Amino acid sequence: MDGNPDGKSLPQPQGCTNFKLRQLLRRVSQHYDAQLAQAGLKTTQYSLLSQVLHRGPIRPVDLARAMTMDASTLTRNLKPLVAAGWLEVAPGADARSRLIQITEAGRAKRARAQSDWRHAQLQLNAQLGVERVLALHALIDDALQLLDDDGSPECPDEHGT
């Protein structure tokens, strides 16, 4: 019965879910990247600045976990932000640990880019419709919770505040 309360079987998804999600992600990323380019950032860079602003100082392993990314990808994505002086890697609690923190220049860069991010979000809301975006957010949150080992939310409003 496929879990349908009226006893009728539900149609099964056709095609690859991963492919469809990647298609959507590419289109949405292109949309945000076009807006954030005005501030000289890519979406991934803005996300990193936002996460470190809200969570930092933070250990790289904790940042990678919060952003659902592996350590090598995080290291690669941090390099240009550190080189630009927007983030810095500081000593941690012991000689082996490090903390990532945002600099004043990073705060300023993120603040400048935030208006571009908001513009991208408003455009997407208008293009897709607010109701559809809300439904998409709810579906994504539900799916992440179902796929997450401990069921805890990954982050607060990562970009808007």
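Is Pro91 buried or exposed? Before I answer, a word on what we are looking at: this is a predicted model, in which local features need pLDDT of at least 70, side-chain atom pairs count only at pLDDT 80 or more, and totals for chains, interfaces and linings use all residues. Residues are numbered from 1 along each chain as its sequence is written, and side-chain values use heavy atoms, with hydrogens and water left out.

Pro91 is exposed, because its relative accessible area is 63%, and here exposed means over 50%, buried under 20%, and partly exposed in between, with a 1.4 Å probe and protein chains only. Pro91 sits in strand β1, residues 87-91, where strands are DSSP runs of E with at least two residues, helices are runs of H or I with at least four, and both are numbered from the N terminus. Leaving aside neighbours within four places in sequence, Pro91 is in contact (heavy atoms within 4.5 Å) with Ser97, Arg98 and Leu99. Between Pro91 and Arg59 there are 9.8 Å in space, C-alpha to C-alpha, although they are 32 residues apart in sequence.

In soluble globular proteins, nonpolar side chains tend to be buried together. Ile100, with neighbours within four places in sequence set aside, is in contact with residues including Val52, Pro57, Ile58, Leu63, Leu78 and Leu87.

Which residue of helix α5 do I want to show next? Asp116 lies in that helix and counts as buried, because its relative accessibility is 7%. The side chain of Asp116 makes a polar contact, at 2.4 Å, with the side chain of Arg112; such a contact is a pair of N or O atoms within 3.5 Å, where within protein one must be able to donate a hydrogen and the other to accept it, and residues adjacent in sequence count only if both atoms are side-chain atoms. Not counting residues up to four places away in sequence, Asp116 also touches Gln35, Leu36, Gln38 and Ala39.
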